[in-house]
Amino acid sequence: MREKRLLAYLKPYWWLVLLAPLSMVLEVSMDLLQPQLMSTIVDDGVLGGDMQLILSTGLWMLGVALVGGVGGVASGAFASAAAQGFGDDLRRDAFAKVMSLSCQQTDRFTTGSLVTRMTNDITAVQELVNMSLRMFVRTSIQFAGGIAMLLALNVNFGMILLFSLPVQLLCMWLFLSKASPLFSVVQRKLDRVNAVVQENVTGTRVIKAYVREQHEIERFSQANNQLMDTSLRVQKLMARLNPILMIIMNASVVAIILIGGYQVEARAMQVGQVMAAITYITQILMSMMMVGMMFQTISRARASAERIREVLYTQPALQDGASPARPGQGRVEFRGVSFHYPNYSAKPVLRDISFTVEPGQTVAILGATGCGKSSLVSLVPRFYDATGGAVLVDGVDVRDYPLEALRAKIGFVLQKSELFSGTVLDNLRWGNPDATEEEARRAARIAQADEFITGFQEGYRTMVSEKGASLSGGQKQRMAIARAILKKPEILIFDDSTSALDLATEARLQAALRQNLQGTTVILIAQRVASVKNADRIAVLEDGALAAFGTHEQLLQSCGVYQDIYRSQVREGDEQHA
């Protein structure tokens with residue numbers, strides 16, 4: 001996606017951007033005419049005793065108000081349409097950029113912060129656009145036009161403006177300079193609130209299992225109170241500004257009345273003109289107050305815009321390679337691979353690992369927790385890039401593939417099965433939207449999922465709740481496996497994705513995979529020897545390095561690490577059986 005300035009998102013709506021202020025010019029012009037018409041009614045109609053003039057001028061005032069109202073409604077409609085289109089396009093591009101970022105980059109932003117940026121921050125900028133298209137025009141014309149009309153009545157009124165305007169501007173500058181930095185703090189506090197909510201919603205079962213509801217309520221309250229305290233600091237500052245500005249405005253009105261009174265007494269002005277001058281000074285100073293309120297919105301939107309730009313202008317850490325995509329057989333080679341996570345100063349997670357998975361082979365990866373199994377397979381679809389050595393698919397370095405083409409070759413079943421809101425069939429088709437229902441059923445049968453799916457009242461049309469909360473761990477794993485199978489990939493990776501299955505179900509699954517996916521390259525991570533012993537080759541990892549690579553029988557003869565794992569699991573199995 002080509003980066004662009006935020007204002008460029010208004011370009012498709014240029015005609016709305018033009019019509020909104022033009023309509024506002026019409027409304028403000030009518031507002032500036034009203035005091036003159038009122039002055040005519042008072043001076044020539046009421047004081048002159050001309051009822052006909054009162055009626056005719058009153059009708060003119062109604063007509064002017066109607067025209068101004070039409071202009072105001074049109075301006076609001078045009079500005080809202082432009083702002084909504086702006087927000088929609090910006091949110092779509094920002095979300096697309098988030099989708100293009102690497103796992104490392106999304107972790108750096110954090111989930112709570114990204115949610116805030118996609119919602120609250122974009123809404124703040126959208127509101128500024130809406131307000132700017134109307135209120136900037138209104139305040140500027142009302143300010144300049146009001147001054148011109150006021151001085152046309154009597155130049156002595158200019159002395160009041162020379163005093164009141166600088167005082168008003170100084171007060172606004174003092175308060176807004178203190179409030180402006182706080183808006184960035186408010187958004188960071190909101191990030192924290194969203195992060196706590198997100199963690200608690202996704203981890204609700206753990207919270208309930210450990211009876212930690214009260215702890216999490218207190219943690220949320222702490223984050224929420226920090227947000228409230230920071231927001232109150234901003235609101236208190238702005239609350240102090242408004243009365244000061246009102247005092248300045250009322251003092252200016254009193255000064256108009258005093259000067260106007262002397263002018264009326266000297267017969268240099270009429271009463272209606274003084275009344276018009278009061279309206280004009282009120283419009284002028286109110287426009288300045290509106291500017292102050294706009295700068296409050298601008299300060300908040302500026303902080304939000306910076307956070308949005310931070311997302312939009314972040315270059316994806318993983319770039320597409322230049323090699324053209326071509327069909328292959330699914331050969332995977334790890335050639336001297338080393339890896340450590342970004343900003344992690346400890347020893348590497350993986351060190352100089354080399355082995356090859358031939359097309360159609362099943363290779364299992366076994367090792368203790370934390371030895372780097374998941375990190376190793378994450379390098380194949382480029383969730384991360386190797387920091388040393390190379391991972392090759394069909395003889396091509398994965399960094400040379402276009403990301404989409406590389407990942408199209410791979411079906412990946414994660415440790416944590418992620419499902420989405422929708423029907424069972426929707427979830428199975430997620431990696432292959434064009435698959436037929438019969439193909440989905442076949443994949444489910446291979447994954448040992450068809451039996452429990454058909455047991456649902458609506459079968460494959462059954463709705464799955466958010467994150468698959470309505471399913472058991474084993475059911476989610478089998479649906480995730482079926483989803484990967486239905487994609488028909490050249491390479492199928494199982495990252496400890498059968499941990500929730502009993503041994504009998506897993507055995508049936510392994511047999512079905514061998515029977516139905518004979519041409520597919522399979523990389524299997526498991527914790528149990530029983531899950532991997534039938535693999536063509538087994539890679540044993542120890543402390544981030546490759547300890548051995550061979551068949552089950554070979555490793556039992558030659559690999560002490562594998563022998564230890566085998567003996568411990570056989571002994572545990574015997575004890576459980578007893």
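Buried here means under 20% relative accessible area, exposed means over 50%, and partly exposed is in between (1.4 Å probe, protein chains only). This is a predicted model, so local features need pLDDT of at least 70 and side-chain atom pairs count only at pLDDT 80 or more, while totals for chains, interfaces and linings use all residues. Residues are numbered from 1 along each chain as its sequence is written, and side-chain values use heavy atoms, with hydrogens and water left out. Helices (H or I, at least four residues) and strands (E, at least two) are DSSP runs, numbered from the N terminus.

**Helix 15**
- The buried residues of helix 15 are Thr-505, Glu-506, Leu-509, Gln-510, Ala-512 and Leu-513.
- Looking down the axis of helix 15, these buried residues fall within an arc of 165°, so they line one face; the arc is taken from the directions from the helix axis to the C-beta atoms.
- They pack against helix 12 (437–446), helix 14 (473–486), strand 9 (491–495), strand 10 (521–525) and helix 16 (529–532), where contact means heavy atoms within 4.5 Å.
- Helix 15 (residues 503–516) has 14 residues and should span 20 Å at 1.5 Å a residue, which agrees with its end C-alpha atoms being 20 Å apart. The expected span is 1.5 Å times one less than the number of residues.

**Gln-142**
- You'll find Gln-142 in helix 4 (residues 111–153), buried at a relative accessible area of 6%.
- Leaving out residues up to four places away in sequence, Gln-142 touches Val-28, Leu-32, Gln-283, Ile-284, Ser-287 and Met-290.

- Four strands make an open sheet in the order 2-1-4-5, with antiparallel pairing; two strands pair if DSSP finds at least two bridges between them.
- Its edge strands are strand 2 (350–357) and strand 5 (396–397), each pairing on one side only.
- Strand 4 (residues 388–393) and strand 5 run antiparallel and are joined by 2 bridges. Val-393 has Val-396 in strand 5 as its bridge partner.

**Cysteines**
- The disulfide count is 0, going by a pair of cysteine sulfur atoms within 2.5 Å.
- For Cys-559, the closest cysteine sulfur is in Cys-371, 12 Å away and too far for a bond. Cys-559 is buried, at 5% relative accessible area.
- Cys-171 also counts as buried, at 14% relative accessibility.

- Gln-448 has a positive phi of about 65° without being a glycine. It sits in the loop between helix 12 and helix 13 (450–454) and is buried at 19%.
- Lys-488, not a glycine either, has a positive phi of about 55°. This residue is in the loop between helix 14 and strand 9 and is exposed, at 55%.
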